[in-house]
Amino acid sequence: MKLLYAPGACSLGIHIILEEIGASYEAQAVNLRAGEHFTTEFRAINPKAKVPVLVLDDGSALTEWLAIALYLAEQVPAAGLWPPGPLERGRAMEAMAYINSFMHGHGFARMFRPERFAPDAGQHETVRTEGRRIFAEGFELIAGLLGDRDYLLGTFSIADAALFYVSFWGEGRKTLELPPRIAAHYARMLERPAVRRAMIAEGLAS
Ligand SMILES: N[C@@H](CCC(=O)N[C@@H](CS)C(=O)NCC(=O)O)C(=O)O
């Protein structure tokens, strides 16, 4: 397997899951700033021009954060990253879908890619402000789901890897002060050896 990732992007969550399940994989960085994902070569692998991409051993590519996370968790059930019961699975998906589509796709994307929401540069600050509002609203809601638990479902699951990548954008990228429960979850995640390995591999920690 090969993970195509960009340092500190949402692919960081997948990198963490690969480490958590003890997968044997290669990781290849894609330089988004240089537009490497828009090249013909990259688009031949993922026509959506996005990371993460998981290139499987048969050469096919699996895309979309949620799909890759679920695929990996199911490869190694013993790692316990995907809960056994239907309700817990629903809860995990509920949190991940909200983080990935609302916080990331609507909030963070507005903060960092305002031109994709409004072609007029004069409107970009308004779009960024709306992005920050959505991002902050998302953290408040997820803090409520987390409650007093250490992890979103009680024990570590792929949902925590999703929460970690947006928390990294808030705390690591200094775009937003995290609510206390989310900040505690972020600190707890940083203590996990697999998280640390993924961060070091992406040049985000030493
Ligand atoms: N829906 C996709 C979104 C992936 C995505 O937006 N990836 C970002 C990095 S966090 C990216 O590749 N951005 C490049 C671009 O949009 O130009 C997923 O969940 O995998």
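## Nonpolar core and aromatic contacts

Phe 135 and Phe 139 are both buried in this predicted model. At 0% relative accessibility, Phe 135 falls under the 20% limit for a buried residue. Phe 108 is buried as well, with a relative accessible area of 11%.

The largest nonpolar core has 52 residues; Ile 14, Ile 17, Trp 65, Phe 135, Phe 139, Phe 164 and Val 166 touch the most other members. Elements that each supply at least two residues of this core include β1 (2-5), α1 (11-20), α4 (86-112) and α5 (124-146). The most come from α6, with 10 residues. Because domain 1 (2-79) and domain 2 (86-192) both give residues to this core, it lies between them. A second, separate core of 8 residues includes Leu 4, Ala 6, Val 30 and Phe 42.

Leaving aside residues up to four places away in sequence, Phe 135 touches Met 103, Gly 107, Phe 108, Met 111, Val 166, Trp 169, Gly 170, Thr 175 and Leu 176.

There are 9 aromatic pairs. Two that involve Phe 135 are tabulated.

| Pair | Centre to centre | Angle between planes | Geometry |
|---|---|---|---|
| Phe 108 and Phe 135 | 5.4 Å | 50 degrees | tilted |
| Phe 135 and Phe 139 | 4.9 Å | 70 degrees | edge-to-face |

The pair of Phe 108 in helix α4 and Phe 135 in helix α5 links distant parts of the chain, 27 residues apart. Phe 135 and Phe 139 are 4 residues apart in helix α5, so about one helical turn separates them. One aromatic cluster is formed by Trp 65, Phe 108, Phe 112, Phe 135, Phe 139, Tyr 165 and Trp 169.

Elsewhere, the charged end of Arg 192 sits over the ring of Phe 156, 3.9 Å from its centre.

Technical notes. Residues numbered from 1 in each chain as written. Predicted model: local features only at pLDDT ≥ 70, side-chain atom pairs only at ≥ 80, totals over all residues. Heavy atoms only, no water. Core = buried A, V, L, I, M, F, W, Y, C linked by side-chain atoms within 4.5 Å. Buried < 20%, exposed > 50% of the residue type's maximum accessible area, 1.4 Å probe, protein only. Domains from an automatic or database assignment. Contact = heavy atoms within 4.5 Å. Phe/Tyr/Trp six-rings, centres within 6.5 Å; stacked < 30°, edge-to-face > 60°. Lys NZ or Arg CZ within 6 Å of the ring centre and 35° of its normal.
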